[in-house]
Amino acid sequence: MHRLRAEVAKAVVGQDAVVTGMVIALLCRGHVLLEGVPGVAKTLLVRTIAAALDLESKRLQFTPDLMPGDVTGSLIFDPRTAAFTFREGPVFTNLLLADEINRTPPKTQAALLEVMEERQVSVEGRRRPLPDPFIVAATQNPVEYEGTYPLPEAQLDRFLLHLTMPLPNRDEELGVLRAHHAGFDPRELTAAGVRPVATPADLALARAAISRVGVAEPVLAYIVDICRATRAVPALELGASPRGAIGLLTAAKAWAWLAGRDHVTPDDVKAIARPTLRHRLRLRPEAELEGVTTRSVLDAVLSTVPTPR
């Protein structure tokens, strides 16, 4: 983690919390929804992490005219052989950067449902598995709604984490300007000195270690009680799903392992609960008008559900 943060810092100033979230997603084989205003280096961050972990990365710019076959791949007729051959889409990679995912219509967004859950593409009845590891890092702009299509709940539930990239503070923004003044080019990461500090094999070993992290029965019950409590909140019309509970368990194990522990504590669950659950909650319209947010709902749930000793 220290080496990775040092490499990422060569291109991206700050954002340590988001880097940690991305690492947790890679360790858990989970997908990430990155949200932030334009210009906070969402795309650059994903590309830098891929370079620092020696992962193959492809970028797909989601646009209103994008078709499902442009995402997953399609059958192409080859006149030389008089047969159809499959041309792989950009999803056949380790780290797919789905840039501005909410700019494409629901038909194309639905092409990612099987990809994100089953990690495969089915064309003409044949299953084509994706490389391992494979995660989707999708970005979206929280302040622009013109020409966008809200992500459906079924797709949101497939994201392990919802991470917010804040604006840099004054010192961090000053560091960004100094780097660009010195000749930094965000399109040339190699020239910026970004080098691999880990490999996919290292990630596989880490995933094996995380699977051995212990979780006591009261902590398992605590995770279930948190998710069930969200389903009983009057301000919500949709609470956390069982997939959300599984995601919270997996992310908490990775968080505990990164902290150097071989077991999960209730504090680990609390630390990772908000980015794991907030995108899975759906507010009632009247609650939104009253100023209720998913963050305030989760704060209330975490403060009321009894913490195991």
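User: Is Thr276 buried or exposed?

Analyst: Happy to start there. Buried means under 20% relative accessible area, exposed means over 50%, and partly exposed lies in between (1.4 Å probe, protein chains only). Thr276 has 0% relative accessibility, so it counts as buried. One note on the source: this is a predicted model, where local features need pLDDT of at least 70, side-chain atom pairs count only at pLDDT 80 or more, and totals for chains, interfaces and linings use all residues. Residues are numbered from 1 along each chain as its sequence is written, and side-chain values use heavy atoms, with hydrogens and water left out.

User: Where is Thr276 found, and what does it touch?

Analyst: Helices here are DSSP runs (H or I, at least four residues), numbered from the N terminus. Thr276 is found in helix 12, residues 266-277. Contact means heavy atoms within 4.5 Å. Not counting residues up to four places away in sequence, Thr276 touches Leu160, Leu161, Gly244, Gly247, Leu248 and Ala251.

User: How do I read a nonpolar core, and which residues have the most contacts inside the largest one?

Analyst: In soluble globular proteins, nonpolar side chains tend to be buried together. A nonpolar core is a set of buried Ala, Val, Leu, Ile, Met, Phe, Trp, Tyr and Cys residues joined through side-chain atoms within 4.5 Å. Here the largest has 68 residues, and Leu45, Ile226 and Val269 have the most contacts inside it. Helix 2 (residues 16-28) gives the most to this core, with 9 residues. Another core, of 22 residues, lies apart from it and includes Leu66, Val71, Val115 and Leu151.

User: And how many aromatic pairs are there?

Analyst: Rings of Phe, Tyr and Trp (its six-membered ring) pair if their centres lie within 6.5 Å; planes under 30 degrees apart count as stacked, over 60 as edge-to-face and the rest as tilted. That rule gives 2 aromatic pairs. Phe77 and Phe84 are edge-to-face because their ring centres are 5.3 Å apart and their planes lie at 65°. Phe77 is partly exposed at 45% relative accessibility, while Phe84 is exposed at 57%. Phe86 and Phe92 also form an edge-to-face pair, 5.9 Å centre to centre with 70° between the planes. Phe92 is buried, with a relative accessible area of 7%.

User: Which ring does the charged end of Arg128 sit over?

Analyst: A charge sits over a ring if NZ of Lys or CZ of Arg is within 6 Å of the ring centre and within 35 degrees of the ring normal. For Arg128, the ring is that of Phe86, with the charged end 4.1 Å from its centre.

Terms used. Helix = DSSP H or I, 4+ residues; strand = E, 2+ residues; numbered from the N terminus.
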